[in-house]
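Here's a quick tour of one protein model, spot by spot. Have a look at the sequence and the 3D view, then read on.

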Amino acid sequence: MGRVTERRKVLRIRDGAVSSRPDTLVAEEPLEIRLNGRPLAITMRTPGDDFALAAGFLVSEGVLAAASDLRNIVYCAGATADGSNTYNVVDVTTAPGVVIPDLTLERNVYTTSSCGLCGKASLDAVRTTARHPIADTPRLLVEPELLASLPDRLRAAQRVFDRTGGLHAAALFDEDGELLDVREDVGRHNAVDKLVGRALQSGNLPLSRTILLVSGRASFELAQKAVMAGIPMLAAVSAPSSLAVDLAAETGLTLVGFLRGSSMNVYAGEDRIALRAAAAPG
């Protein structure tokens with residue numbers, strides 16, 4: 001099994017002084033995801049929570065929506081020429097009766113914000129495949145002060161980042177700001193998949209009373225993953241993309257960007273932010 005971190009020799013230069021020392025780096029290895037025995041996708045990830053990552057990925061693909069849709073997940077033995085197990089190939093078996101969508105063209109349409117295809121087609125694909133419509137759930141109402149406190153809580157929970165400085169993080173909070181789960185990965189989309197996959201395995205989808213916080217920017221892909229998991233609010237410490245904002249507006253997702261200190265920008269779904277009325281000029 002691959003490790004989360006690895007050691008590499010580094011030449012260190014500080015104020016003209018040169019020294020050699022080992023450095024702790026985040027591990028990065030490929031993970032091939034197979035669906036019912038057929039190769040589906042390869043992602044570069046930090047080893048760990050691989051089954052959750054695969055399950056979460058398939059939630060965002062519209063294949064899985066509940067724990068009952070999943071039969072099992074296993075590592076594939078004999079994935080190399082000599083028959084050894086690299087723990088870099090997983091096979092997901094769906095439960096009998098689960099209808100598998102066409103993942104050939106559709107995957108390319110709505111999982112990659114840089115796929116070069118029409119933005120409207122991407123929005124339509126997510127809207128038509130979402131199994132947990134956000135607009136159908138009771139409204140979540142969050143105060144700005146609570147949102148402002150979440151990045152510090154996420155940072156305090158990033159154990160591997162403290163050793164490497166090279167990981168993205170994603171965290172789930174409840175509506176009262178309590179940390180429910182946090183995952184780290186070299187890929188921000190993988191960190192979210194690990195969160196969603198763990199929730200699916202625990203029977204907790206849809207995540208309709210939660211806030212998803214990501215440590216970087218809010219891309220279309222991350223907004224898509226939130227929508228597919230039924231998460232009503234996505235907050236990011238950096239900027240959203242234009243297509244992420246469009247998707248949030250189309251689906252009812254609350255999208256918050258530049259969440260830093262007491263400041264934030266709300267790009268969509270502002271009805272879930274509990275704003276105090278401005279005092280009348282007197």
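Which residue just after α6 takes a positive phi? That's Gly 203, with a phi of about 75°. Keep in mind that you're looking at a predicted model. The points below start with the helices and then move on to a few single residues.

**Helix α6 and what follows**
- Helix α6 covers residues 188-201, which makes 14 residues.
- From its first C-alpha to its last, α6 reaches 20 Å, close to the 20 Å expected at 1.5 Å a residue.
- This helix is largely enclosed by the rest of the structure, because 10 of its 14 residues are buried.

**Helix α8 and what follows**
- Helix α8 runs over residues 242-251, and its buried residues include Leu 243, Ala 244, Val 245 and Leu 247.
- Ala 248 and Thr 251 of α8 are buried too.
- After α8 comes Gly 252, and its phi is positive, near 90°.

**Thr 254, tucked into a strand**
- Strand β11 spans residues 254-260, and Thr 254 lies in it.
- Thr 254 has a relative accessible area of 0%, so it counts as buried.
- Its side chain makes a polar contact with the side chain of Arg 272, at 2.8 Å.
- Setting aside neighbours within four places in sequence, Thr 254 also touches other parts of the chain: it is in contact with Pro 232, Met 233 and Leu 234, and with Ala 268, Gly 269, Arg 272 and Ile 273.

**Leu 167, in a loop**
- You'll find Leu 167 in the loop between α5 (159-164) and β7 (168-174).
- Buried or exposed? Leu 167 is buried, because its relative accessibility is 6% and the cut-off for buried is under 20%.
- Leu 167 and Glu 184 are 17 residues apart along the chain, yet their C-alpha atoms are separated by 6.1 Å.

- Val 18 sits in strand β2, which covers residues 17-26.
- With a relative accessible area of 56%, Val 18 is exposed, since exposed means over 50%.
- Together with Leu 11 and Ile 13, Val 18 forms a nonpolar patch on the surface.
- The accessible area of these patch residues together is about 320 Å².

Key:
Residues numbered from 1 in each chain as written. Predicted model: local features only at pLDDT ≥ 70, side-chain atom pairs only at ≥ 80, totals over all residues. Heavy atoms only, no water. Helix = DSSP H or I, 4+ residues; strand = E, 2+ residues; numbered from the N terminus. Buried < 20%, exposed > 50% of the residue type's maximum accessible area, 1.4 Å probe, protein only. Polar contact = N/O pair within 3.5 Å; in protein donor to acceptor, adjacent residues only side chain to side chain. Contact = heavy atoms within 4.5 Å. Patch = residues over 30% accessible without salt bridge, like charges linked within 9 Å, V, L, I, M, F, W, Y side chains within 5 Å. Areas by Shrake-Rupley, 256 points an atom, 1.4 Å probe, with all protein chains shown as cover. Salt bridge = Lys/Arg side-chain N within 4 Å of Asp/Glu carboxyl O. Expected span 1.5 Å × (residues − 1).
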